[in-house]
Amino acid sequence: LTFYAMCAVLNPWRFVWLVLVPQVLAKDWIVTLNLLQHDGCDNKSSVNHSRNFIGPVLNYLCFNNGFHAIHHMMPGKHWSQLRRLHTERVAPYNHPSLNHPNILAYIVDTFVLNAPRTNFDGTRWEFPGINGEHGPDVPWHYEQASLNASSANPNNQSEVEDFGDGGGLFASGPGSTAGPAPDKLAAASVAVSATGSKGAKAE
């Protein structure tokens with residue numbers, strides 16, 4: 001704050017146009033993007049918790065943050081790996097409606113053309129209200145954040161991927177076979193198949 005105050009005093013116009021306005025716009029854009037990436041998703045699902053915008057322009061500008069599901073599943077991975085990891089670990093198993101080639105087309109379809117709002121699985125979308133999500137955060141969120149902050153987790157998140165279900169949907173480290181655990185994938189597929197969608201693919 002002291003630095004910002006000094007800049008504002010020394011050259012108010014430069015401070016406004018080179019510091020204040022870019023920061024306000026950037027924060028507004030990133031919050032808007034984040035809202036779109038979770039619009040109509042299932043925050044309790046292992047793979048359907050995020051909407052992915054997989055087009056090249058957005059991901060060039062945002063360091064592959066459009067591959068948002070894998071960003072949450074493996075937050076410590078370098079941005080250059082997210083496209084490959086999305087292709088391997090998300091795209092074969094999540095609901096196909098959650099992978100969009102163009103974010104602008106999604107905005108127009110969803111908010112401009114006034115189509116009925118639906119969740120990713122076609123069910124009716126309902127406004128959850130302020131603080132509409134119920135229940136405490138899952139413990140692994142804090143454990144992972146602590147490991148990332150202390151550098152005690154040197155990019156080893158692929159060894160055991162535990163999404164709060166006690167066992168992990170994916171395991172691909174030493175001593176395990178790459179790919180989803182069949183029992184957990186089958187359980188994750190039930191909800192998708194019940195909606196009449198294509199369902200999740202199992203290997």
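Visitor: In what order do the elements of the chain run from the N terminus on?
Guide: They run α-α-β-α-α-α-β-α-α-α. Helices are DSSP runs of H or I with at least four residues, strands are E runs of at least two, and both are numbered from the N terminus. The model is predicted: local features need pLDDT of at least 70, side-chain atom pairs count only at pLDDT 80 or more, and totals for chains, interfaces and linings use all residues. Residues are numbered from 1 along each chain as its sequence is written, and side-chain values use heavy atoms, with hydrogens and water left out.

Visitor: Why is His100 called buried?
Guide: Buried means under 20% relative accessible area, exposed over 50%, partly exposed in between (1.4 Å probe, protein chains only). His100 has 16% relative accessibility, so His100 counts as buried.

Visitor: What does His100 touch, leaving out residues up to four places away in sequence?
Guide: Arg51, Asn52, Phe53, Ile54, Gly55 and Tyr106. Contact means heavy atoms within 4.5 Å. His100 itself lies in strand β2 (residues 99-100).

Visitor: Which residues of helix α6 (residues 103-112) are buried?
Guide: Ile103, Tyr106 and Thr110.

Visitor: What puts them on the same side of α6?
Guide: The arc is taken from the directions from the helix axis to the C-beta atoms. They cover only 55 degrees around the axis, so they sit on the same side of α6. The face turned away from that buried side carries exposed Leu104 and Val112.

Visitor: What do the buried residues of α6 pack against?
Guide: α2 (12-36), β1 (52-53), α3 (56-61) and β2.
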